[in-house]
Structures are given as structure tokens and as C-alpha cells.
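Please keep the sequence and the model in view while reading.

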Amino acid sequence: MILAALSVRPIFVALLIAVALPGTALAQGSAQTSGAVALASHRAVYVLKLASTRGKRPMYAVRGRILYDFSGNACDGYALQFRQVSELDSGEGKVMVSDLRATTWEEGDSKRLRFHSQNFLDDRLRDVVDGQAERAPDGIAVRLTKPNDKAFDLGLELVFPTEHVRRIIAAARAGKTILEVAVYDGSETGEKTYDTLTVIGHPIPADGKRPEDAAGHEAALAGLMRWPVTISYFEQGKAGSGGEQTPIYAITFELYENGVSRALLLDYNDFVVSGEMTSIEMKDVKPCP
């Protein structure tokens, strides 16, 4: 259903994405490369609206807002507070309101991830996920407390969210254009993993035309390079008999070299939602001792 599509891939996951070639040895090597990438602490607001509709489940209107609050450093770890409120009008006389609230914390060296999310539909709590994941020499150990108390192990090739954005920036700087990686982010039920295909476009130089949204008025972004990026998500283990698979979700956006994202296009297959940055506040970053 349309509502499920909005809640399955929370947008904070799409903004914190990974780009590295799959495989344990390659993923470990990329972590060293991404260590030089510094991420900016910032608070941004995006206004959502329907950009286009297609498929068997047309959408009449989508309105909403994303609050994205990211902070931290490599010593203390990285914290994210996220909220997405979406009003969905299918044109059938009923408007639904989805309210997704999520927090994550990731260790600076990407060995531990804590995640918590709540998904409300028309002010009623529908889903809660709470858990943590820890990287060990032989794999990733996940422990969920909600929706059920459960423990399981995942492969070392999977990458956590904050490390993902550092890798995509490192890859873009290196001139890479097509990259793949397996992702674990604790989204949906906390049990699924995803393969991602990332396409990085030509860099947009810092001395080019400034954006017309809030990013164009932020002095801290004026001297930074940025890249157009498209990420497609595929649920692992769901490929068809011919090996082909349709992405469950894709996002296109411009990514600055400090991790700030603008000009979102969120593709849920049946419809596409745009996200315009209407405000951004750059926050002081506490230096490592």
C-alpha cells in the first residue's frame, strides 16, 4: 500500500547512504578512505510535496515536512534526530497522516549502532523498533528489544548509516560514478538488509550558480563542492528467477562534501515526492581531544 511505501524507507536512511564495492575486504579498505571525511553538524527542514504520480496507485496530493538534526564527531560518535510528517491524499475522500520519528547513534569508528523509531498513522502508534548492532571480528551482532526481543547475526560486509555518507563523499572525490554496497540501518522491523546501487553524477563546482533554496543562502556551504546522487534500494534475497530486481525505493539529491543534502526527489515507484530545503542551521562541532 502507499502508506507502507512511505514508512518502509524512512528518509533519514536515504540521506545517510553508503557507497563502496561489496565484499568484506573492500568494505574494510573503504572505511580507511572515508576516515578523512568530516561531516557537518546541522539542522535542516525540508518541505515535501507531490512531484509526479504513476502506476496502479495514483496519488492526488502529498504534503509534509522533514526535520533532520545531525551532530557529533569521530570521537563522541554521531547522533541523528529525525521526524517526517506526511499527509497523503489519494483522492478517494480520505486523507491519512503518517508521522515517523527516529533517533540513531553511531560510534565514530562505525563499530556500534543504536536505533529507535516510532511510526504513527493518524495519531495512532502503529510500529516501534528499538535495538542496537555491534561489529565484531566475525560479523555483526544485532539485538532487538522491540517489536520483539530477538538476537541475530549479520555479515561483515554490511555498513552502518553514518559511515555510508562518509564513503559516498570519499567515492565522489575519487571520481567514482557507480558503486554498490550492502546496508543495515535498523529500519522497518529492524531485521531487513538492503543492497544499494549508487550513481554519482558530475561534480557541481563551488563557484557555480548558487541554489535557490536555503542552502544557497548559507555561507558555510558556498565554498563547497557537491554532487548529484541517485541511490536505489533493493531488499536482499528478493531477486526474481532471472536475477533481476526492481528497487523498492530510490532517492535523488545533491550531496555537499560535508554531508549536507538538498533538492530531494523520493521515488516510491507509484509516485515521486520532492523535498525542498527551507531552512538550515549549521552547528558548532566539538573537536576531538
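Which residues are buried in H4? In this predicted model, the buried residues of H4 are Pro161, Thr162, Glu163, His164, Val165, Arg166, Arg167, Ile168, Ile169, Ala170, Ala171 and Ala172. Because 12 of its 13 residues are buried, H4 is largely enclosed by the rest of the structure. Just after H4, Gly175 adopts a positive phi of about 85 degrees.

The chain contains 5 helices and 14 strands, and 49% of its 289 residues count as buried. Among contacts with a separation of 6 or more, 58% are between residues 24 or more positions apart.

In soluble globular proteins, nonpolar side chains tend to be buried together. The largest nonpolar core of this model has 46 residues, of which Ile168, Leu266 and Met277 touch the most other members. Helix H4 (residues 161–173) makes the greatest contribution to this core, giving 6 residues. Another core lies apart from it and has 13 residues, including Val142, Phe152, Leu158 and Phe160.

S5 and strand S6 (residues 124–136) run antiparallel and are joined by 10 bridges; one of the pairings sets Arg112 against Glu134 in S6. The hairpin of S5 and S6 has 2 residues between the strands, and Asp122 in this hairpin takes a positive phi near 50 degrees. From S6 the chain passes through 2 residues into S7, again as a hairpin. S6 and strand S7 (residues 139–146) are antiparallel, with 7 bridges between them, and Ala133 stands opposite Val142 in S7.

S9 and S10 run antiparallel and are joined by 6 bridges, with Leu179 having Thr198 of S10 as its bridge partner. S10 and S11 also run antiparallel, joined by 7 bridges, and Tyr194 has Glu235 of S11 as its bridge partner.

A pair of aromatic rings is described by the distance of the centres and the angle of the planes. The whole structure holds 6 aromatic pairs. In one of them, the ring centres of Phe115 and Tyr184 are 6.0 Å apart and the planes stand at 75 degrees, so the pair is edge-to-face. This pair links distant parts of the chain, 69 residues apart: Phe115 lies in strand S5 (residues 112–121), and Tyr184 in the loop between strand S9 (178–183) and strand S10 (194–200). Phe115 and Tyr184 are both buried. What arrangement do the rings of Tyr233 and Tyr249 adopt? Their centres are 5.9 Å apart and their planes lie at 55 degrees, so the pair is tilted. Because Tyr233 lies in strand S11 (residues 226–235) and Tyr249 in strand S12 (residues 249–256), the pair ties together parts that are 16 residues apart in sequence. Tyr233 and Tyr249 are likewise buried, and together with Tyr194, Tyr268 and Phe271 they form one aromatic cluster.

Arginine side chains also lie over aromatic rings. Arg101 sits over the face of Phe120, at 4.4 Å from the ring centre. Arg135 takes up such a position over Phe160, at 5.1 Å from the ring centre, and Phe160 is among the members of the 13-residue core described above.

Is Tyr60 buried or exposed? Tyr60 is exposed, because its relative accessible area is 60%, and the cut-off for exposed is over 50%. Tyr60 occupies the loop between strand S1 (42–53) and strand S2 (61–73). Beyond its neighbours within four places in sequence, Tyr60 is in contact with Leu50, Asp89, Ser90 and Gly91. Of these, Asp89 is 29 residues from Tyr60 along the chain, and the C-alpha atoms of the two are separated by 5.5 Å.

Terms used: Residues are numbered from 1 along each chain as its sequence is written. This is a predicted model: local features need pLDDT of at least 70, side-chain atom pairs count only at pLDDT 80 or more; totals for chains, interfaces and linings use all residues. Side-chain values use heavy atoms; hydrogens and water are left out. A nonpolar core is a set of buried Ala, Val, Leu, Ile, Met, Phe, Trp, Tyr and Cys residues joined through side-chain atoms within 4.5 Å. Buried means under 20% relative accessible area, exposed over 50%, partly exposed in between (1.4 Å probe, protein chains only). Helices (H or I, at least four residues) and strands (E, at least two) are DSSP runs, numbered from the N terminus. Rings of Phe, Tyr and Trp (its six-membered ring) pair if their centres lie within 6.5 Å; planes under 30 degrees apart count as stacked, over 60 as edge-to-face and the rest as tilted. A charge sits over a ring if NZ of Lys or CZ of Arg is within 6 Å of the ring centre and within 35 degrees of the ring normal. Two strands pair if DSSP finds at least two bridges between them. Contact means heavy atoms within 4.5 Å.
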